Amino acid sequence: MEQETIINIRDEKTYPPKPVYNPQVMNPWKNLISLLPFLLLFGMIYNWNIGLLSMITGIILLHELGHAIAMKIFKYTDVSILFIPLLGGAATGEKLEASQKEECIVLLSGPLPGMILGMLLWIFPFELDWMNSNKLAVYLVVINGFNLLPILPLDGGRLVQNLYFKNNDTITRIFLFVSIGALMYYSVYAGEYTLLILPFFLVLQFINHFQAMKLKKELTAQNIDIKQTFDQLSDADYWEIRDEMGTRLSNFKNIITPGEHQESGREEVVIKYMRNFLRKPLREDLSPFGLLGFTIVWLAFIVIPIVLYMIRTS
């Protein structure tokens, strides 16, 4: 009876048409602009050691290009690479109906090329006037190997999450807590205080995750289908979901006024969040052997560099 009342009330209201989603054409200058503060801060940290700065920038670019190329192969849209000061880089893209296998390949395509190149340079070292191959090998393996650790938001943590508990909210929250603790401990223990930015962002991610769970619960209670995609939304569903976002999500309180059904000056931010919120779960196309295969590859690229190091230093 209560659900029927909700449906009747929604049917009696008149809603304006939902906004049309217009994918933005990525501006290549945006990537260059993001590189400038990245170089500035790293330059200050490393006393403007141009060789070291060039090496780290090249390693990060190779890493993110691996992600981006894999996204392009699997027909992700809005693919872009951004440099993040003090942290590294990020390759972003969108695919509303990606598969588990595609997501795993995209995640591994970042660190694995650098790991392979680094190990080859370890095995077959060479010297040039402007480059020490051993030093380059160490940086390639360490930076990419660190990314393979099973800690969010690193590639290894996201890989483990996608393989084993992507759709389990309880384990995801536990994994977030463990990742926050591990990153804080390492940052303080190793004296790498700039890495404390990562657990800070994870705390924000946990808050956003908790708010999204409450939003899903409320929308379900209002008999709004949250399993549909953004393109499938009716006008009524769009504005009702938007109202709840303005009520329950702190990031949107300055953008959305619940009950006022008109586009804001930052409606594209609302649309982007809603598209991701309604994105279908990863299509589970991995067999038990597929899960095992990706797990073995991931562990192998953590263990093999350690073994090579032990052999070379023995």
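## Basis

This is a predicted model, in which local features need pLDDT of at least 70, side-chain atom pairs count only at pLDDT 80 or more, and totals for chains, interfaces and linings use all residues. Residues are numbered from 1 along each chain as its sequence is written, and side-chain values use heavy atoms, with hydrogens and water left out.

## Helices α5 and α6

Helix α5 (residues 111–123) packs on helix α6 (residues 133–147) at about 150°, the axes being 8 Å apart. The two are therefore roughly antiparallel (over 145 degrees). Their crossing is left-handed (the near helix is turned anticlockwise from the far one by less than a right angle).

Contact (heavy atoms within 4.5 Å) involves, among others, Leu117, Leu121 and Trp122 of α5 and Leu136, Leu140 and Val141 of α6. By class, this contact has 11 nonpolar, six polar and no charged residues; Gly counts as polar.

## Helices α9 and α10

The axes of α9 (residues 197–221) and α10 (residues 235–248) come within 10 Å and cross at roughly 140°. That makes α9 oblique to α10, and the crossing is right-handed (clockwise).

On α9, Gln211, Lys214, Leu215, Glu218 and Leu219 meet Ile241, Glu244, Met245 and Arg248 of α10. These residues divide into four nonpolar, one polar and four charged.

## Glu260

Glu260 lies in the loop between α10 and α11 (267–277). Its relative accessible area is 43%, so Glu260 is partly exposed (between under 20% for buried and over 50% for exposed, 1.4 Å probe, protein chains only). The C-alpha atoms of Glu260 and Asp243 are separated by 8.2 Å, with the two residues 17 apart along the chain.

Key: Axes are lines fitted to C-alpha atoms, for helices over the stretch in contact, and angles run from 0 to 180 degrees between N-to-C directions. Helices (H or I, at least four residues) and strands (E, at least two) are DSSP runs, numbered from the N terminus. Angles under 35 degrees count as roughly parallel, over 145 as roughly antiparallel, 65 to 115 as roughly perpendicular and the rest as oblique.
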